[in-house]
Amino acid sequence: MVRKNDPARRTMPFDEWPQLDGHAWERATTKGDVFDESGRGASWADQTKTTNIQHYGRWLGYLAYIGELSVDGSPADRVTKVAVDRYYKHLIALGTTAPRTRLSMLVGLKETIRAMAPERNWRWLQDMCNHVQRNAAPSREKQQRVRSSIEIYEAALQGLAESPANLTKLAHLIDYRDHLMLALLAARPLRKKNFALLNLDRHVVRRDAKWLITIQGDEIKNGQAVEFWIPDDLVVWFERYLTEIRPLFPGAESSTQLWLTKDGPAIGSQFLYWRITKLTKRLLGATINPHLLRDCAATTLAMESADLALTAPALLGHRHASTTARYYVQARNLDASRKINNIMDAVKTQLETVE
């Protein structure tokens, strides 16, 4: 059994970083003025900074574990091909991190040290990340879990339509909220943290008979602002939630959070993960988490047409189409597998007829 505070897995908190590393981080993430140039990580979103602190802290924790963390050592001098290769093999040997998680740790280290020491050539580290990415198979086969966003959306709408006329029990309120969240996520797949923390004062705007969700770039992971209309056929259910359902949740009067729980305002994305996976399992027989709904949306667009596939980056809030390109390939793979299955079924039917 792994010890609770296993030093082999420890992430060093920022306040324990060596002084040189702390200063390098501050320089990398500080915005400059007319006289001083901004650091390479100055434009990172808060969540990106938090994630990179964790990944770099894991690297420092590893160095401390093997006794090679010198407080006087240059952060850049520590990051060598040999050291990073040993670090990655160490992560593999631990046996509890999925391939994609190990890749994220390596990419986090790369991005952080590039920002801390931009004068160095880190091409070898980028190449290492690319190599790991090509060989890092998903921990669970994603293609088998991707479903049509249309199917998911319609199942959620059906649940809303079947909700009782008078909702008084807390369980009924929660069920209505969950169906509404799933429908909105299926149609407009925001990142789970942004979706969970939607605020009525900052993010939800009514314009005539329509509702607009708008989120500023400084609240988004990649700094890309997001705006989208709530689908017309969902507006009636959304307004019922605002006027009838939400006010009955504990803490509704004192909170401006859109999504409320039995304990008050939603405080993070974990509650969203559990509620959505539980509901999709019940409605669709498949566990689909909020992040996978983004895959479902992009894949659904790509399977409809190449033109619609081009809209996927805007839907997902990606800066670059290359980030979304893999969904088109995934959609083509899914389509090809279905066609092969149809052919096999037809052959099987013919053979049965001959017999």
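Me: Where is the place of L94?

Reply: This is a predicted model, in which local features need pLDDT of at least 70, side-chain atom pairs count only at pLDDT 80 or more, and totals for chains, interfaces and linings use all residues. Residues are numbered from 1 along each chain as its sequence is written, and side-chain values use heavy atoms, with hydrogens and water left out. Helices are DSSP runs of H or I with at least four residues, strands are E runs with at least two, and both are numbered from the N terminus. L94 sits in helix 4.

Me: Is L94 buried or exposed?

Reply: Buried means under 20% relative accessible area, exposed means over 50%, and partly exposed lies in between (1.4 Å probe, protein chains only). L94 has a relative accessible area of 15%, so L94 is buried.

Me: Which residues is L94 in contact with, leaving aside its neighbours within four places in sequence?

Reply: Contact means heavy atoms within 4.5 Å. R9 is 85 residues from L94 along the chain, yet their C-alpha atoms are separated by 8.0 Å. With sequence neighbours within four places set aside, the contacts of L94 are A8, R9 and R58.

Me: Which residue meets R9 in a salt bridge?

Reply: A salt bridge is a side-chain nitrogen of Lys or Arg within 4 Å of a carboxyl oxygen of Asp or Glu. The N to O distance is 3.1 Å, and the partner is D6.

Me: How many residues apart are D21 and R78?

Reply: The side chains of D21 and R78 meet in a salt bridge, 2.8 Å from N to O. The pair links distant parts of the chain, with D21 in helix 1 and R78 in helix 3. Both residues are buried.

Me: How many salt bridges does a search of the whole structure find?

Reply: E16 and R10 form one, at 2.7 Å from N to O. K110, E111 and R114 are linked in a network of salt bridges. For the whole structure, the search finds 17.

Me: What covers the buried residues of helix 2?

Reply: Helix 2 takes in residues 46–65 and reaches 28 Å from its first C-alpha to its last. That is close to the expected 28 Å, which is 1.5 Å times one less than the number of residues. Its buried residues include H55, R58 and W59. The cover includes helix 1, helix 3, helix 4 and helix 5.

Me: Which residues do ring pairs link into a cluster with Y56?

Reply: Rings of Phe, Tyr and Trp (its six-membered ring) pair if their centres lie within 6.5 Å; planes under 30 degrees apart count as stacked, over 60 as edge-to-face and the rest as tilted. By this rule there are 12 aromatic pairs. One of them is Y273 with W274, edge-to-face at 5.3 Å centre to centre and 85° between the planes. The cluster joins Y56 to F14, W17, W25 and W44.

Me: What is the phi of D208?

Reply: Most residues other than glycine have a negative phi. D208 lies in the loop between strand 1 and strand 2, and is exposed at 74% relative accessibility. D208 is not a glycine, yet its phi is positive, at about 60°.
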